[in-house]
Amino acid sequence: MDLGLFQREVADLIGVSCAAVWLLENEGRTPEIWLMPRITRFLGYVPMDKPTNLQNQLRGYRMIHGLTQEQAAKQCGIDPSTWSDWERGLKQPGSKRTKTALRLVLQLLESARWHLVDSGLRNGEPTPPPPT
């Protein structure tokens, strides 16, 4: 995706240093989780494949919203260790209350604009090339 912007302009829009943008572009660094909402807003879509299993859906939700496991668990009213166990695939949601909380998370996740590399589509539109 070439917007014709300099790294300094991108850094200002996302709220990071120019060096951070350089590292993301050239070193392939994974952004810190708190930056993901800013990057998603800047790009206009989520820069990862749409998750297909529960573990990746939970992690995707956290990434989109820039949340730690503890913060995400608190939003759902569950213990952080429970969220961690779900995300690592060690346990599955069992109670009606946790399934209801989880359903709300997954509904929010479904509304995200995903960058679908495999299908070449993003919400029915051509997918821009990944940032370089």
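This is a predicted model: local features need pLDDT of at least 70, side-chain atom pairs count only at pLDDT 80 or more; totals for chains, interfaces and linings use all residues.

Mentor: Residues are numbered from 1 along each chain as its sequence is written, and side-chain values use heavy atoms, with hydrogens and water left out.

Trainee: In what order do the elements of the protein chain run from the N terminus?

Mentor: Helices (H or I, at least four residues) and strands (E, at least two) are DSSP runs, numbered from the N terminus. The protein chain has seven helices and two strands. From the N terminus on, the order is α-α-α-α-α-α-α-β-β.

Trainee: What percentage of the 132 residues in the protein chain is buried?

Mentor: Buried means under 20% relative accessible area, exposed over 50%, and partly exposed in between, with a 1.4 Å probe and protein chains only. Of the 132 residues in the protein chain, the buried share is 33%.

Trainee: How far apart are the closest N and O atoms of Arg8 and Asp12?

Mentor: A salt bridge requires a side-chain nitrogen of Lys or Arg within 4 Å of a carboxyl oxygen of Asp or Glu; this rule gives four salt bridges. Arg8 and Asp12 are both in helix H1, four residues apart, or about one turn of the helix. Arg8 is partly exposed because its relative accessibility is 42%, whereas Asp12 is exposed, with a relative accessible area of 52%. Their salt bridge has its closest N and O atoms at a separation of 3.3 Å.

Trainee: Are Arg62 and Glu87 buried or exposed?

Mentor: The side chains of Arg62 and Glu87 form a salt bridge at 2.8 Å, N to O. Arg62 belongs to helix H4 (residues 54-65) and Glu87 to helix H6 (residues 80-87), so the pair ties together parts that are 25 residues apart in sequence. Both Arg62 and Glu87 are buried.

Trainee: Which residues are linked with Asp85 in a network of salt bridges?

Mentor: Lys91 and Asp85 meet through their side chains in a salt bridge of 3.5 Å, N to O. Lys91 counts as partly exposed at 48% relative accessibility, while Asp85 counts as buried at 13%. The residues linked with Asp85 in the network are Arg88 and Lys91.

Trainee: Which residues make the nonpolar surface patch of about 280 Å²?

Mentor: Patches are made of residues with over 30% relative accessible area and no salt bridge; like charges are joined within 9 Å, and nonpolar side chains (Val, Leu, Ile, Met, Phe, Trp, Tyr) within 5 Å. Accessible areas come from the Shrake-Rupley method with a 1.4 Å probe, and for residues only the protein chains shown count as cover. Leu5, in the segment before helix H1 (7-14), is partly exposed because its relative accessibility is 36%. The patch of about 280 Å² is made by Leu3, Leu5 and Leu13.

Trainee: What separation do the C-alpha atoms of Pro51 and Glu110 have?

Mentor: Pro51 lies in the loop between helix H3 (36-43) and H4, and is buried, with a relative accessible area of 11%. Pro51 and Glu110 are 59 residues apart along the chain, and their C-alpha atoms are separated by 9.7 Å.
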